[in-house]
Amino acid sequence: MIVTFISQCEKSALKRTRRVLDAFANRIGDNVWQTAITEEGLNTVKRLLNDTASRSTAVSCHRVRTRHRTELVWIVGRKQKFNEAGVVPVNWTNKEVFMDIEIETKNILANTNGQSLSHHLFAVGFLAVNLLKIMKVDSPKLCQTVFIAGIFHDIGKLDPQFQQWLNDKINKNPQIDELALPELPDDGVHIDSSVRGHTKFTFEKHPRHQEISWLLTKSMLITDELNSEQVEQIFHGIYWHHTKPYRKDDKFFQSAKGIHKLFNKSLKDTTLEKVIIQVDAVLQDVKKISENFADNTITLPKWQCGFSLNKDDLPNYKNYDELAEDIEEFVKDIKPNALNSLVRTAVISADRIVSAMPVEDLNAHINEGTLKQALDSIILEDSTLQTEVNQCLQGFQNRYPNSERNTSQTNASHELVELIEVAEFEDSHNIGVLQGPAGCGKTKIAIEWASKTDAKKIIWVCPRVQVCLGLLNDLTQAEYLPNSKVEIFTGEFKKILSNGQTLDEASDTDESDYFSGDIVITTIDQVINNIISHSKVTAMVTFMQAHVVFDEFHELIPMPAFNLLFAELIEAKKLRKHQANTLLVSATPHNFFVENVLTIDKNSIIRIESFNQADYKIEFISYNDSDKNNPEPNPLIENTITDNKTTFVITNTAQDAQLGFLKHQNTENNILLHSKYTKEDKSKWFNRVFESFKRDGNKNYQVLRSGPIVQASLNISCECMFTDMTSPENWLQRLGRLDRFDDNNHVNTYTTIFPESSENGKQTCSQAKFLASMSVWQSTHAWLNYLKNEIEDNNVLKINDLYQLYQNFYDDPQCNESIQQDMEKALKESLRLILDKIIDPISIPPKSKRKTDSVAKISKNSLRGNNRYVQMAVCNVDSQLNPTFIDEYAYDEDTDHTQVSIGLTESVNKITGYDDSSKNLLAFMHAKHHNIKKDQGVKKAHKDFMLLAESRSPEYPIYVSYTQKDLEPIGGERERHKHAIYYIQTEKQPVGSMQINNLQTQACDSD
């Protein structure tokens, strides 16, 4: 048969499909192919196109039946690019065509594409409303809000200086057509000094157009028919639809009075009254377009043609009450911030879509009433996800027919689906919480829930990368979804796996294909960037449409800033009401947070019991730490594991795990795992831990000494466990690694070690102080006492008994008081961090390119902690904690960081000695580094904070220790800093970064 292929692909999909089609057919046009082909060959073409398909793919295949007739065979990709017959549609209309705008405003332009400001403003307002509808945000008031914000967002472009600069720039390059379309930046078009006559222009003395838009709208918009929340959202959306420019002195830009003064001063040959008249004329044009546009259902608000200076404050980027103390005070600010984020998302996304259009397309869309077509690429398309999930579920049923496990999992997913019916009946949201003990199959339940609720895409949000990797490994296994497009999207990994690929086999994802997988596994950091950054805000549209699973969400609850921003994301999804399609998953869901901060009804928590029937013996061992002259050492560090059972020793800090490993490296068959490794070492030893302790593992090791890294989403198991006292959530998560597979034929012992001083709630010991810094001390103390009281007479229980105790703990009024204290402390710390770290989005003038531009840097405003890249010397340590310093660094000083990521960082507090000058390693480097590296031409930094600023790049690390050889120019070994941090190694394995004085202190304590 003879077939014709027609491609309407865009972006990188164009190249991919051309490679496939060129291999099978003759190209008879730029985007048309024809060939004679067999049915089998045609099926091969379709399969290859499907394998490379993305949201930008659109290919139709037509069979030539006769000389005068063809028929559509299939379409791969976006069907919207073709009509029912597979033909590329041409715009047409039966309506009266709305003719061109008035003469006095048609030359007022919006951007370098030559779009008229009137057309641009209406299109942005109209598309912003329809973006909300695509996101299924069912709120007429919010639709009205984004329409108004969109109509007024660029009214400040009537600034005479902007119009003059824009005309000069266009005249400099008058060819504006589809083939020579200038690429507009994400942050919009602003006056710059690249055009003759504007070389001395600076935003140090002139407002940006969004600041002028805010000023003029504040004066002209009549808000009598709007509520106060709408008014706040409108002005927030207008002011923050672009970043603020960086200014050395911005005192005039902190108030309406200052902006007015500078704007008025810049007018020169005209007056503010004349600008207001132009604004009125443009808005009249917008009104005409709005009234004649059939699909528009929102009426333009009233405005006054005059200016009166408004003294209202500028809108804050994030609005949280600085004086908040009670949980209710924090919670009341969550929804307004979530709504502000949605308004910004809609306006910015619409603005970018409209600004990217050729002027002819925008005019045609408005004249023909087809603006909605501009959003076709935004809408989530149908995928094969449901088919793949159904095959996966059927496979489980075939392998384990009528099993109690399958039945319980299906019942749990059904209960989650029933929340939709209840929510629709009550006109509320259907956000569900799935609570299930470790090993109950929460991942399988989640994908079954997604299938039953018609998921087209799942965004799986994890608290950290390690959880992402564990989930990726599970979902790509043969019994799950090996043929689906499973994408991992983190700061470190950006890959799409399909057809049984492993992480190492998959290539890096093209930027144009980010978030295109059927299932996207990502971290909370990436999703939160959608609501705190400017450049990524449009990704919120995909997040709102997709099914979202927050896995191990309990880890976010004590994390400063993340807990409130996570709550904002939940509030945004609630606006979809019964179509919220959001699931929170954890074995330990922290009922207090769910009910009092997320305000999710406890009836939305669906619980599934464990299938594990093993017996657990719960023991508590205290040690006397009160005797200052002769305190007992911590058994978790000092005691040797003599039992032949596989044993996990889990401490709250990496340092305690390191010390325990070092002391027993010759007496235990042990292995160490924590987070203070280089990236390569962490991956290597994580794999060894997994291979040893996984189901049917190689059992190369008997004892695992670890920090908290192993306590969640790691499918490993042991026969005996020792743990630091810790929060209820961590305590149960750690328990989930003890006889995880119900394979042990004996009672499993779970021992909690704690200092005696902590029993009375004192915070004198290091463990209590650490837990207090994590905002979990009060609940940890309450949980420890609660457990001891409840299981005093019966310390052998089933895992379901322990989870019932967890539920009872959260129902106990006295325990709730302790939980509330921790929650209030955590939220106060969140408020501090949000106010300190989430600064206003600012654009900084580009500097000359340096080598570091291609290297991933630590963000100045990272919410994860204030860390810097470090370099350190290597030190070998024996079981007596005796160090041997060698002439080697943790990694090669000439490492190309564009090719290799080392990932070795330390907190600024630790580097600077926690404000203790005797411990300050940064000051030591500032004083000595230029002498140590003199032969390499290193010059002394003027101030130590300059070294700190540069160390956000891995190419300019802080040296927290030096080799013997490097110390020689400054006096040799005697100049070694007493608190230097070294990369510790042993004959068995690396131990990771550690302060040398901790070894010496521990050795003395042991003596």
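Strand 5 gives the largest share of the lining of the second largest pocket, four residues. Strands here are DSSP runs of E of at least two residues, and helices are runs of H or I of at least four, both numbered from the N terminus. The model is predicted: local features need pLDDT of at least 70, side-chain atom pairs count only at pLDDT 80 or more, and totals for chains, interfaces and linings use all residues. Residues are numbered from 1 along each chain as its sequence is written, and side-chain values use heavy atoms, without hydrogens and water.

A pocket is an open set of points on a 1 Å grid over the protein atoms alone, with protein on both sides within 12 Å along at least five of seven lines; a cavity is a set where a 1.4 Å probe fits but cannot get out; lining residues have an atom within 4 Å of a point. Helix 2 (39-51) and strand 5 (70-77) are the elements giving two or more residues. By class, nine are nonpolar, 17 polar and 16 charged.

Seven cavities of 30 Å³ or more were found in the whole structure. Residues including F924, Y959, R976 and H977 line the largest cavity.

The second largest cavity has a volume of about 40 Å³. Its lining includes F126, K133, D295 and I298.

How values were computed. Ala, Val, Leu, Ile, Met, Phe, Trp, Tyr, Cys and Pro count as nonpolar, Asp, Glu, Lys and Arg as charged, and the others, Gly among them, as polar. Grid points are joined across faces, edges and corners, and a volume is the space filled by probe spheres set on the points.
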